[in-house]
Amino acid sequence: MEARFLYFTVHSASNLIDVRKLGEMKVYAKVSIAGKSKCTEPDVVNDINPEWNKTLEFMVPEMNIIQAQGKISVKIELICKRSLSRDKYVGEVNLSLDSQCPKSCNTCLVDMNGSSFGTLMYSSVLGEKHIVVDSSPSKDYTNKIGIAQIGATLVGAVAAVGAALAGN
């Protein structure tokens, strides 16, 4: 399979909505690309203006890029880490990156109600094509293992019956 590595850097966000009633916000970014999600560590210092400067690496199958006519869909969710209860959603942005050019820009975030607020700064670079070997066990391989185990059990059973008959 041909694939490319997408290096997606989440730099910072500013002017976020404070979703906590008490305490400081500890915000992390969850980036989803090609069915995989990765997160930054929460910024425990900068409250509503978090900084991560974290590069996340994703493998994007070339077929996905071709089918999407050279575009790569990216979803970035900002989430407030909480100690005593579920983490709380802050906002998100959905991007369509052009696979032909590196990107570095700012974009507005959107909350659950569809209102724009705050700014997210990110950059991305798409690497060259690589041939990737699928290392996950295939069904065919798993079936062969199962057949071999059944065969070993049968051979053991036949040997036990043969030994029992030879002893009589």
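A contact means heavy atoms within 4.5 Å. This is a predicted model, in which local features need pLDDT of at least 70 and side-chain atom pairs count only at pLDDT 80 or more, while totals for chains, interfaces and linings use all residues. Residues are numbered from 1 along each chain as its sequence is written, and side-chain values use heavy atoms, without hydrogens and water.

**View 1. Contacts of L78.** Leaving aside residues up to four places away in sequence, L78 touches A13, L16, V27, Y28, A29, W52, Y89, V90, G91, L109 and L120.

**View 2. The largest nonpolar core.** A nonpolar core is a set of buried Ala, Val, Leu, Ile, Met, Phe, Trp, Tyr and Cys residues joined through side-chain atoms within 4.5 Å; buried means under 20% relative accessible area, exposed over 50%, and partly exposed in between (1.4 Å probe, protein chains only). The largest such core holds 30 residues, and F8, I76 and L78 have the most contacts inside it. Strand 5 (71–80) is among the strands that each supply at least two residues of this core, and it gives the most, with five.

**View 3. Strand 1 and its partners.** Strands are DSSP runs of E, at least two residues, numbered from the N terminus, and two of them pair if DSSP finds at least two bridges between them. Strand 1 (residues 2–14) runs antiparallel to strand 8 (residues 116–131), with eleven bridges; here T9 has S123 as its bridge partner. Nine bridges join strand 1 to strand 4 (residues 51–61), also antiparallel, and R4 stands opposite V60 in strand 4.

How values were computed
Helix = DSSP H or I, 4+ residues; strand = E, 2+ residues; numbered from the N terminus.
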